Amino acid sequence: MPLGWRFEDIIEFMHDVASGRELRTMLDTTSRTESGEQLPLHLHSSKGDCQWDPTNIMIYVHRLSAGATTEMLRCADTSTNDVVCKVASTELGRKSLVNEARIYEDPRVLHLQGKEIPMFYGLFEARTPVQRCGDSTDTTHIMCLVLEKCGSTIGADDDKDALLVQTPEFRLATARAYWTLHQCGIRKESPYELSKLFRPSNILIREDGSPCIIDFARASKHICPCGVNIHPAEKWYIVKGCDELGFICDYARIWPPRFAYITNNDGDIVYQWHYLRDQAAEDYDLEELGLEDLEPNVALEMVQAALEKCEARWVKWETDFAYAFATWQA
Ligand SMILES: [Zn+2]
């Protein structure tokens, strides 16, 4: 974004093209927030959040105008008129907005708009030659993606527990929202470095308490190997074939504890094995667990203690998710 540009300047800049006029008609340029601040509000830029992000997308909050609202909200199951405007002027920024718009426009995900993903109101653009010093001219090319403002984020990007502190119902619903997206042929992030790309700020809580996933800048088409619905009773292995679903389900900790483990004094796991609820400590082969060098009695006690801890986690998991399971609709 050229330095010093305000959103009003951008709208002004886009005024001469049809797409810009459409954008101007769509937004209410006179509205204020509940606290009296003039809209649009500049939220932040993608670069500010993440220094390695070269797209430098500026994000504003604005409001749909009354005329646009009636038309646009008619088919949307949403009560808000607030929109998020993502504006880019760099080539990479524009590419990422175009990619995001293509995802929203994909016929397979249209029915998710206003629910698992935001309503999409359009991608607008303007390209104008700008006089530089002397005779040289340059072209300024701006794009603006307009989306429903869906709620508040679950937490900051450095808050690793942001999802974990949500209710089990919300965690399960978030995993399911990802699953639904995958079943519609879209994955949110590229397959590499998922843990680095995953951002808690991309999960929002709607007013009705349901999750909404945002930011499809890196989203792509995807044939998901997980054809079965995520149901806790189906156990974790159904998402084993899909890295993103596996990641989000692990991150939301929706599965029962899978491993019993023994730690050293520093808390590092030194032995772990698949936990089977109906198996007693005596049933385990100490050699198979890698404990053959220890005194059998000591080893047995360690196994027993590890099993008890794992069982306690199982019981907590069952208690936490009891309601979520009961209300789960496959
Ligand atoms: Zn998948």
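P191 sits in the loop that runs between β7 (186-187) and α7 (194-197). Helices here are DSSP runs of H or I with at least four residues, strands are runs of E with at least two, and both are numbered from the N terminus. P191 is exposed, because 12 other C-beta atoms lie within 10 Å. On this scale, with C-beta atoms placed from the backbone, a residue is buried if 20 or more other C-beta atoms lie within 10 Å of its own, exposed if 12 or fewer, and partly exposed in between. Look across from P191 and you will find E244: the two are 53 residues apart along the chain, yet their C-alpha atoms are separated by 7.3 Å.

A word on what you are looking at: this is a predicted model, in which local features need pLDDT of at least 70 and side-chain atom pairs count only at pLDDT 80 or more, while totals for chains, interfaces and linings use all residues. Residues are numbered from 1 along each chain as its sequence is written.

## The chain as a whole

The protein chain has nine helices and twelve strands. Of its 330 residues, 30% count as buried. Among contacts between residues at least 6 apart in sequence, 63% join residues at least 24 apart; two residues are in contact if their C-beta atoms, placed from the backbone, lie within 7 Å.

## Helices α6 and α8

Helix α6 (residues 168-183) packs with helix α8 (residues 243-251) at an angle of about 170 degrees, and their axes are 9 Å apart. That makes α6 roughly antiparallel to α8. Axes are lines fitted to C-alpha atoms, for helices over the stretch in contact, and angles run from 0 to 180 degrees between N-to-C directions; those under 35 degrees count as roughly parallel, over 145 as roughly antiparallel, 65 to 115 as roughly perpendicular and the rest as oblique.

From α6, the residues making the contact are A175, Y178, W179 and H182, and from α8 they are E244, L245, I248 and C249. Sorted by class, this gives six nonpolar residues, one polar and one charged. Ala, Val, Leu, Ile, Met, Phe, Trp, Tyr, Cys and Pro count as nonpolar, Asp, Glu, Lys and Arg as charged, and the others, Gly among them, as polar.

F170 is in helix α6 and is partly exposed, with 19 C-beta neighbours inside 10 Å. Leaving out residues up to four places away in sequence, F170 touches G209 and P211. F170 and S210 are 40 residues apart in sequence, with 6.7 Å between their C-alpha atoms.

G185 lies in the loop between α6 and β7 and is partly exposed, with 15 other C-beta atoms within 10 Å. Beyond four places in sequence, G185 touches R108, K221, H222 and I223. V109, in the loop between α5 (91-105) and β4 (120-131), is 76 residues from G185 in sequence and 8.3 Å from G185 in space, C-alpha to C-alpha. V109 counts as buried, with 20 C-beta neighbours inside 10 Å. Apart from neighbours within four places in sequence, V109 is in contact with I103, I117, L181, C184 and I186.

## Nonpolar cores

The largest nonpolar core has 59 residues, and V87 and C144 have the most contacts inside it. Such a core is a set of buried Ala, Val, Leu, Ile, Met, Phe, Trp, Tyr and Cys residues joined through C-beta atoms within 7 Å. At least three residues of this core come from each of domain 1 (7-149) and domain 2 (168-255), with domain bounds taken from an automatic or database domain assignment. A second, separate core has nine residues, including L291, A299, V303 and C310.

## Two positive phi values

Most residues other than glycine have a negative phi, which brings us to two spots to check. D215 is not a glycine, yet has a positive phi of about 70 degrees. D215 is in the loop between β9 (211-213) and β10 (220-221) and counts as buried, with 20 C-beta neighbours inside 10 Å.

R253, also not a glycine, has a positive phi near 50 degrees. The loop between α8 and β11 (259-263) holds R253, which is partly exposed, with 16 other C-beta atoms within 10 Å.
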